[in-house]
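Biologist: Could you walk me through this fold, starting with how the strands pair up?
Modeller: Gladly; have a look at the sequence and the structure, and then ask away.

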Amino acid sequence: MTISSHLHELHGLPVFDFPTASAQAKTELPSVASVAWRVSAEYEGEEWQDAFARFVAAVDTRQVRALVVGLWNEAYDRGPEKIISTLTESADDFPALRALFLGDITYDECEISWIQQGEVASLPEAYPELVEFGVRGGSGLQFSKIRHAKLQSLVVESGGLPVAVVRGIADSDLPALESLDIWLGSSWYGADTAVADLEPFFAGSRLPNLGYLALRNSDIQDQIATAFAGAPVVARLHTLDLSMGTLGDEGAEALLNGQPLTHLRRLDLHHHFLSAPMVERLEATFAGTDVSIDLSEAELGETEADEDDTHRYTSVAE
């Protein structure tokens with residue numbers, strides 16, 4: 001799977017593309033607080049900072065509630081350091097900002113593992129009232145340890161995530177966090193996280209309000225599922241997401257033999273390498289419960305048997 005479309009919604013608001021310079025005069029802008037604003041560079045044209053300057057001049061930034069950073073010029077070669085500096089320096093001009101996403105870039109603009117990133121922790125730090133933060137792209141991505149009292153949702157989308165990012169998030173103090181979604185990615189594209197690095201998430205002691213936990217799009221999905229079978233955090237979750245990765249019968253067996261999961265509202269296992277008999281066992285186990293289980297996108301055919309994981313692949317990589 002590739003990321004073929006931009007975000008449609010952020011912070012419960014529809015995403016609106018701030019118009020290009022040539023289209024701005026003839027485009028009617030919506031009410032500032034009614035949309036999430038996406039500001040993008042032109043693929044071969046206006047720089048992102050110039051588009052942002054037009055945006056700041058055109059709207060009352062004091063009313064902006066959600067902001068999406070789209071394509072920046074040469075994203076495959078240049079990181080967003082100047083964008084990050086611009087946004088941190090502009091924090092006082094955006095007192096109502098509650099959601100920020102950095103790198104809403106589709107595959108036809110730049111493949112996810114080619115997106116150059118940088119140190120992003122300064123963004124939530126600059127906006128202490130922020131409740132949602134997301135970033136796409138793992139190459140060069142850094143996330144230093146932070147404390148943020150109000151952040152409720154953190155999303156990191158990657159085709160190959162450096163373990164230092166995982167450790168930075170794990171070491172952070174995020175007492176209000178309710179939703180954590182990490183795409184670990186494939187070792188072919190730089191993922192080097194081991195299960196031991198995820199232990200703080202399994203324990204959950206630093207995330208007292210966590211209800212949704214996704215450790216997905218991983219080529220160590222069986223090992224992650226096995227760890228969740230006895231993870232203390234599971235009892236507090238309403239949603240467990242192990243989708244988009246290389247999950248096979250070994251990991252599913254561990255889940256079935258581990259702690260009860262019937263308290264969950266949702267168990268997401270879509271894009272998997274489970275055998276047909278294992279799919280039937282999972283369906284039977286949760287039949288008659290209130291658990292919504294997603295077993296779609298089976299990557300094995302009905303008659304295929306998965307004897308090893310050498311041919312498995314994550315949903316999003318390059």
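Biologist: In which sense do β1 and β2 pair, and over how many bridges?
Modeller: In this predicted model, β1 and β2 pair in the antiparallel sense, and two bridges hold the pairing. If you want a particular residue to look at, find E9, whose bridge partner in β2 is P14.

Biologist: And what kind of sheet do the strands belong to?
Modeller: An open sheet of twelve strands, with mixed pairing, which runs in the order β1-β2-β3-β4-β5-β6-β7-β8-β9-β10-β11-β12.

Biologist: Which strands stand at the edges?
Modeller: Those are β1 (9-10) and β12 (292-294), and because each has a single partner strand, one side of each is left without a neighbour in the sheet.

Biologist: Ok, on to β3. Which strands does β3 pair with?
Modeller: On one hand, strand β2 (residues 13-17) runs parallel to β3 and is joined to β3 by three bridges. On the other, strand β4 (residues 66-69) is also parallel to β3, with four bridges between them.

Biologist: Are the faces of β3 covered or open?
Modeller: Both faces are covered, with A36 and R38 buried on one side and W37 and V39 buried on the other. As background, side chains in a regular strand alternate between the two faces of the sheet.

Biologist: Switching to charges: how many salt bridges does the structure hold?
Modeller: The structure holds 17 salt bridges. One of them is between the side chains of R216 and D241, at 3.5 Å from N to O. That pair links distant parts of the chain, with R216 in strand β9 (residues 212-218) and D241 in strand β10, 25 residues apart.

Biologist: Are those two buried or exposed?
Modeller: Both R216 and D241 are buried.

Biologist: Why do E253 and R281 count as partly exposed?
Modeller: The class for partly exposed residues lies between the buried limit of under 20% and the exposed limit of over 50%. E253 has a relative accessible area of 27%, so E253 is partly exposed, and R281 is at 37%, so R281 is partly exposed as well.

Biologist: What about R266 and D268?
Modeller: Their side chains meet in a salt bridge of 3.6 Å, N to O, where R266 counts as partly exposed at 30% relative accessibility, whereas D268 counts as buried at 6%. Elsewhere, salt bridges that share partners join D17, R38, D104, R136 and E157 into one network.

Biologist: D268 reminds me of S243. Where does S243 lie, and which residues does S243 touch?
Modeller: S243 lies in the loop between β10 (239-241) and α8 (249-257). Leaving out residues up to four places away in sequence, S243 touches R216, N217, Q221, D268, L269 and H270. S243 counts as buried, because its relative accessibility is 0%.

Biologist: And Q221, what is it in, and what is its side chain next to?
Modeller: Q221 is found in helix α7 (residues 221-228), and a polar atom of the side chain of Q221 lies 2.8 Å from the backbone oxygen of L215. Q221 is buried too, because its relative accessible area is 0%.

Biologist: Last one: which residues other than glycine have a positive phi?
Modeller: Among them are H271, with a phi of about 60 degrees, and E297, with a phi near 55 degrees. Most residues other than glycine have a negative phi.

Definitions and conventions. Residues are numbered from 1 along each chain as its sequence is written. This is a predicted model: local features need pLDDT of at least 70, side-chain atom pairs count only at pLDDT 80 or more; totals for chains, interfaces and linings use all residues. Side-chain values use heavy atoms; hydrogens and water are left out. Buried means under 20% relative accessible area, exposed over 50%, partly exposed in between (1.4 Å probe, protein chains only). A polar contact is a pair of N or O atoms within 3.5 Å; within protein, one must be able to donate a hydrogen and the other to accept it, and residues adjacent in sequence count only if both atoms are side-chain atoms. Contact means heavy atoms within 4.5 Å. Two strands pair if DSSP finds at least two bridges between them. A salt bridge is a side-chain nitrogen of Lys or Arg within 4 Å of a carboxyl oxygen of Asp or Glu.
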